[in-house]
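Me: Please take a close look at a single part of this model and describe it in one connected answer.

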Amino acid sequence: MQIPRNANAAIIRVSFVGTLNPSTVVAGIPSTGDDPAKFTFLVQGRGQYPQNVVPGKIVGATNSEAQFRYIEGPFPQGQYRVTLVGTPDPAVGRPTMLAMDTTQLDGEPTQFPSGNGIPGGDFVFTFTIA
């Protein structure tokens, strides 16, 4: 996906099928001590950020939607990778986004809505600010 710089994009909004537990959607600001290994809404950009993790906050998380807001204004030019974590990583202590009934979300982007019919799996997509 390519977004023109003059669109002043600063928010990534993701809609969920099913019932998301909003408290399991986590992002943060690594430079203030937040641990990216604990993020379940992980936005990465090459080179310009500590640990390549884009600083941001989750705003407006509900049972059906989560929004990530870049804290420095509109996204600058560059390529970004977004990972919505559906499978925990015990090696680094990374949790996962969960449904309200505590089951893992089905994240593989094989189709829209995403999923392969088995709980778990990360949903990953990229975008470019041109």
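Reply: Isoleucine 11 has its bridge partner in S5, namely arginine 69. The model is predicted, so local features need pLDDT of at least 70 and side-chain atom pairs count only at pLDDT 80 or more, while totals for chains, interfaces and linings use all residues. Residues are numbered from 1 along each chain as its sequence is written, and side-chain values use heavy atoms, with hydrogens and water left out.

Five bridges join S2 to S5, residues 65-70, and the two run antiparallel. Strands are DSSP runs of E of at least two residues, numbered from the N terminus, and two of them pair if DSSP finds at least two bridges between them. The open sheet has three strands in the order S2-S5-S4, paired antiparallel. S2 (11-15) and S4 (56-59) are at the edges with a single partner strand each, so one side of each lacks a neighbour in the sheet. On average, neighbouring strands here are turned by 20 degrees against each other, direction ignored; the axes are lines fitted to C-alpha atoms.

Elsewhere, the loop between S6 (78-84) and S7 (123-129) holds arginine 94. Arginine 94 is buried (under 20% relative accessible area, 1.4 Å probe, protein chains only). It has no salt bridge (a side-chain nitrogen of Lys or Arg within 4 Å of a carboxyl oxygen of Asp or Glu); the nearest side chain of opposite charge, aspartate 89, is 5.3 Å away. The arginine 94 side chain does reach two backbone oxygens: that of phenylalanine 39 at 2.9 Å and that of alanine 37 at 3.4 Å.

Conventions: Helix = DSSP H or I, 4+ residues; strand = E, 2+ residues; numbered from the N terminus. Axes fitted to C-alpha atoms, helices over the stretch in contact; angles between N-to-C directions. Buried < 20%, exposed > 50% of the residue type's maximum accessible area, 1.4 Å probe, protein only. Lys, Arg positive; Asp, Glu negative; His and termini not counted. Polar contact = N/O pair within 3.5 Å; in protein donor to acceptor, adjacent residues only side chain to side chain.
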